[in-house]
Amino acid sequence: MAFTVVNVHMQADITEGGVLGLSLFLYKIFNLDPSYISPILDFMCFAAAISLFGKTFLKKTALASLLFGLFYKIFLSLGAFIPTLYDFPVIAAIVGGIGIGIGCGLVVTEGGAAGGDDALALMLSHKFKINISKAYLFSDFVILALSLTYIPMSRIFFSLLTTFVSSTLIGQFEINLKGYSQNQTA
């Protein structure tokens with residue numbers, strides 16, 4: 001996921017929603033280092049999720065978040081490996097959505113969350129009894145609205161596309177996710 005953010009999203013001015021999108025927003029607007037901000041935001045969401053999903057979920061999620069922050073820092077310091085897809089925003093949106101969706105989905109199948117936005121989406125899904133893809137889309141749209149401060153309206157469509165792709169892919173892992181959360185709350 002960190003590779004995707006640095007190599008695709010940041011270069012193409014495409015963002016995700018959730019903590020990733022909020023981290024990019026804070027980086028673009030306030031120049032706050034996402035390798036530090038992302039774990040802080042994640043921790044805040046994790047703290048809220050522990051009562052629903054238990055300590056095992058929290059441990060796996062904290063490890064995934066710290067590793068994501070580490071790889072984010074590494075990829076930011078190394079810079080992009082692939083040529084910019086800025087001039088090909090549909091491709092960037094689809095490739096970015098696939099990278100984020102598969103990365104998050106793999107972490108979810110192991111019983112954790114790749115970031116605070118995943119924990120938030122899981123809580124929304126659990127509390128409101130909605131499909132996890134819808135929970136992701138709702139929270140992502142809020143962040144995308146904030147992103148209009150640094151992403152031109154003409155390019156926000158591509159952020160919506162990448163969010164739709166990643167949310168849809170993460171939703172494919174929902175069966176394993178439901179079983180895990182039921183075991184933790186029982």
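Predicted model: local features only at pLDDT ≥ 70, side-chain atom pairs only at ≥ 80, totals over all residues.

Which residues touch the most other members in the largest nonpolar core? They are V5, F57 and Y72, in a core of 35 residues. A nonpolar core here is a set of buried Ala, Val, Leu, Ile, Met, Phe, Trp, Tyr and Cys residues joined through side-chain atoms within 4.5 Å. Buried means under 20% relative accessible area, with over 50% called exposed and the range in between partly exposed, using a 1.4 Å probe and protein chains only.

Residues are numbered from 1 along each chain as its sequence is written, and side-chain values use heavy atoms, leaving out hydrogens and water.

The protein has 8 helices and 0 strands; helices (H or I, at least four residues) and strands (E, at least two) are DSSP runs, numbered from the N terminus. Of its 186 residues, 50% count as buried.

Leaving aside neighbours within four places in sequence, V5 is in contact with M10, L20, L24, Y72 and I100, where contact means heavy atoms within 4.5 Å. Another core, of 7 residues, lies apart from this one and includes A12, I14, A92 and F158.

Next, helix 1, residues 2–12. Is this helix mostly covered or mostly uncovered? It is mostly covered, with 9 of its 11 residues buried; among them are V5, V6, V8 and M10. The cover over these buried residues includes helix 2, helix 3 (34–78), helix 4 (89–109) and helix 7 (153–171). After helix 1 comes D13, which has a positive phi, near 55°.

Finally, a pair of helices. Helix 2 (residues 18–30) and helix 6 (residues 132–147) pack at an angle of about 10°, their axes 9 Å apart. Axes are lines fitted to C-alpha atoms, for helices over the stretch in contact, and angles run from 0 to 180 degrees between N-to-C directions. The two helices are therefore roughly parallel, a term for angles under 35 degrees; over 145 is roughly antiparallel, 65 to 115 roughly perpendicular and the rest oblique. From helix 2, G18, G21, L22 and F25 meet S139, D140, I143, L146 and S147 of helix 6.
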